[in-house]
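Good morning, colleagues. Please look at the sequence and the model on the screen while I go through a selection of its features.

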Amino acid sequence: MSLYNATHTGLAQLNQAQLSSLALNGQQPLGFFKSADLRTMLDRSILSAGIRIYLAGKEAREKGRTSLVACGTKADGFDANEMNGLVANPLTKDPIFMRVKNPGVSLQADKLSRIEVKKEVTTDTFLTAFFSEAMVNNLLSAPEAQGISLFIAPLNPIKSEVPELFPFPTKYEANTFLAVARSEAKANAPFDPNTELRVVLSNLPCPGHCLAINANRMLSRGAVARSAVSFDRDPYINPWENESSSS
């Protein structure tokens, strides 16, 4: 069952007024992923549909270990594993996870195992969004782009643009990631809607298009997959909601 599409465009055509309405002016980026690291994650499997980016938990961010974690993501929603080919994720093989810190601290990405990532990405501040291969390539084709800086963006101001994502569970804010094409020299620059070369707002965030774990195994939320699905194991580092829910 496909959850993600490699050609999904995201909300790439936000106008100046929409960008300004997101109230991101002057916000510092959470992290910066270099082009080479993005390519590495996309190339981990011939089935990769794009990149999933996780916000690290509060403790990890406060201790400066990490700000964001990313991995290649297959169309079925699972992390792209190390083994190429038309095979399921083997239990003995971990995907490549890339961890970055605040770009004001370092632009160097670390490779982590799944076990290590689960210590960084915790449900206290859980937020993740998907950027398709097409979205990533569009960003990296911008003039002077050497990677992408990530910002947290609220979806509420532009909810009319993404009606399929509402309503959200009330205990979660409707946030996603805004990806901005940047040179490494400008990786830590605050957001300015008047000067950014190219931006993409993911409209496939979690919660909304992720899988909720419940008593009947897993149910999909949102418009990507509305019917009940069943996988042998959880495709997400940490499920964002453990109690019973409905699709």
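Phe191 is buried, at a relative accessible area of 2%; buried means under 20% relative accessible area, exposed over 50% and partly exposed in between, with a 1.4 Å probe and protein chains only. Before I continue, please note that this is a predicted model, in which local features need pLDDT of at least 70 and side-chain atom pairs count only at pLDDT 80 or more, while totals for chains, interfaces and linings use all residues. Residues are numbered from 1 along each chain as its sequence is written, and side-chain values use heavy atoms, with hydrogens and water left out.

Let me turn to the aromatic pairs. Rings of Phe, Tyr and Trp (its six-membered ring) pair if their centres lie within 6.5 Å; planes under 30 degrees apart count as stacked, over 60 as edge-to-face and the rest as tilted. How many aromatic pairs does this rule give? The count is two. Tyr4 and Phe130 are stacked, with 4.1 Å centre to centre and 15 degrees between the planes. This pair links distant parts of the chain, 126 residues apart: Tyr4 lies in the segment before α1 (16-21), and Phe130 in strand β6 (residues 128-132). Helices (H or I, at least four residues) and strands (E, at least two) are DSSP runs, numbered from the N terminus. Tyr4 is buried at 4% relative accessible area, and Phe130 is buried at 0%.

Phe151 and Phe191 form an edge-to-face pair, 5.5 Å centre to centre and with 65 degrees between the planes. Here, too, distant parts of the chain are linked: Phe151 belongs to strand β7 (residues 147-154) and Phe191 to the loop between β8 (175-182) and β9 (199-201), 40 residues apart. Phe151 is buried, at 0% relative accessibility.

Strand β7 takes us to the sheet. Four strands form an open antiparallel sheet in the order β1-β7-β8-β9; two strands pair if DSSP finds at least two bridges between them. β1 (31-34) and β9 stand at the edges with a single partner strand each, so one side of each has no neighbour in the sheet. Eight bridges join the antiparallel strands β7 and β8, and Ile152 stands opposite Phe177 in β8.

Finally, strand β4 (residues 97-100) is covered on both faces: Phe97 and Arg99 on one side, and Met98 and Val100 on the other, are all buried. β4 pairs with strand β3 (residues 68-74) in the antiparallel sense over four bridges, and Cys71 stands opposite Phe97. β4 also pairs with strand β5 (residues 110-112), antiparallel over three bridges, where Asp110 is the bridge partner of Arg99.
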